[in-house]
Amino acid sequence: MAQTSTDLSEIIAENFGANATYVEGLLGRFRSNPELVDESWRAYFTELLGDGAGNAAATVSNTAGEARPTDNGARETAAPAKTAEATAPAKAAAPATKPAVATTTEQVEAVPIRGAALKIVENMDASLAVPTATSQRRIPVKLLDENRRMINQYLQENDRGKVSYTHLIAWALLRALDQFSQLNDGFETVAGAPARIHRAQINLGVAIDLTKKDGTRTLLVPNIKDAGKLSFPQFTQAYDDVIKRAREGKLQIADFQGTTISLTNPGTIGTVASTPRLMVGQSLIIATGAIEYPAEYQAMAPEALSQLGISKAITISSTYDHRIVQGAESGAFLARVHELIL
């Protein structure tokens, strides 16, 4: 029997979590014309829809707009019952001792959270079961900025694009994991007992903030497979590829599977420091803040800042599963990242 729209939303949310909104958009394309999505998505949606796969006229339900059930307006239309006082002869009203105070009732509407948004709620609730702690480190970026300039000068001379600060910071994270490989492990309960899961492959999740046509924003977290084994040119190419495909709506199912650690960059919108939630199954999420001068110096002229030796800096935080990662390990890991960035 064909799945209902609500069932589909719940299944997609269960399988793709925070990326479910993206997948529901692809489902809408598939229903209008299967050729609009790649072969792997066509196979997935065909299996998902079952005998309803040919119903191209159906649309993905938007449960976020459902209103709370009402009592069909009975409260508004029911006439007040007559009382003995109402049928008795009218009496002269007593003079008012003070003016009446007008009262208003705020109109509210409860909107059920379902589908992809509900899965985000469930993920956040589940994340509360992970005992996390956070380490932060403030790192000067003067040398990082100069190295980036030299790299980009070379790349532009050879018509090979350019690298961003995030490319270099992500690369530093991967190289630091060479020394702190235990931070790529996971926690699971196996046969009723807690277990540490050793994972040789680093699948680096990259948080991508996308703005929809209606102005709302959505977050996708695809990953770069086996990122620790890539050379720097290979890594930057893989990073750029996943960003490009996310913006073009061409991510595949495999892009969301098997993330081991994540990198998010709220600094692009000016956030100085962040403590993101750690999803179940991962042991570490890194957040980078804005690259900026200390606030008390931001109004000074660049020449004066240079004379004082004041550099721009960035705050990097490491939020970790405290069951398998200890504070000293997280702190030492960030110290290694600091060294590599310099």
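Buried means under 20% relative accessible area, exposed over 50%, and partly exposed in between, with a 1.4 Å probe and protein chains only. This is a predicted model, in which local features need pLDDT of at least 70 and side-chain atom pairs count only at pLDDT 80 or more, while totals for chains, interfaces and linings use all residues. Residues are numbered from 1 along each chain as its sequence is written, and side-chain values use heavy atoms, with hydrogens and water left out.

**View 1. The protein chain as a whole.** The secondary structure of the protein chain comes to 11 helices and 10 strands. Helices (H or I, at least four residues) and strands (E, at least two) are DSSP runs, numbered from the N terminus. Of the 342 residues in the chain, 36% count as buried. Contact means heavy atoms within 4.5 Å. Among contacts with a separation of 6 or more, 67% are between residues 24 or more positions apart.

View 2. H1 covers residues 5-16, which makes 12 residues. From its first C-alpha to its last it reaches 16 Å, close to the 16 Å expected at 1.5 Å a residue; the expected span is 1.5 Å times one less than the number of residues. The buried residues in H1 are Leu8, Ser9, Ile12, Ala13 and Phe16. Seen down the axis of H1, these buried residues fall within an arc of 130°, so they line one face of the helix. The arc is that of the directions from the helix axis to the C-beta atoms. After H1 comes Gly17, with a positive phi near 55°.

View 3. Lys142 forms one with Glu146, their closest N and O atoms being 3.8 Å apart. Lys142 and Glu146 are separated by about one helical turn because they are four residues apart in helix H7 (residues 142-157). Glu146 is partly exposed, at 35% relative accessible area. Also in H7, Asp145 bridges to Arg149 with the closest N and O atoms 3.1 Å apart. Asp145 is buried at 17%, whereas Arg149 is exposed at 56%. In helix H8 (residues 165-179), Asp178 and Arg175 lie three residues apart, about one turn of the helix, and their side chains meet in a salt bridge of 2.8 Å, N to O. Salt bridges that share partners join Asp241, Arg245 and Asp255 into one network.

View 4. The open sheet has the strand order E1-E10-E9-E8-E4-E7, with mixed pairing. Two strands pair if DSSP finds at least two bridges between them. Strand E1 (132-140) and strand E7 (223-224) are the edge strands, each pairing on one side only. Strands E4 (residues 204-206) and E8 (residues 261-264) run parallel and are joined by three bridges, with Val206 opposite Leu263 in E8. H8 lies across E4, E8, strand E9 (284-288) and strand E10 (313-321), at about 155° to E8. Axes are lines fitted to C-alpha atoms, for helices over the stretch in contact, and angles run from 0 to 180 degrees between N-to-C directions.

**View 5. Ser330 in helix H11.** Ser330 has its place in H11 (residues 327-341). With 0% relative accessibility, Ser330 counts as buried. Leaving aside neighbours within four places in sequence, Ser330 is in contact with Ser135, Ser318, Tyr320 and Val325.

Definitions and conventions
Salt bridge = Lys/Arg side-chain N within 4 Å of Asp/Glu carboxyl O.
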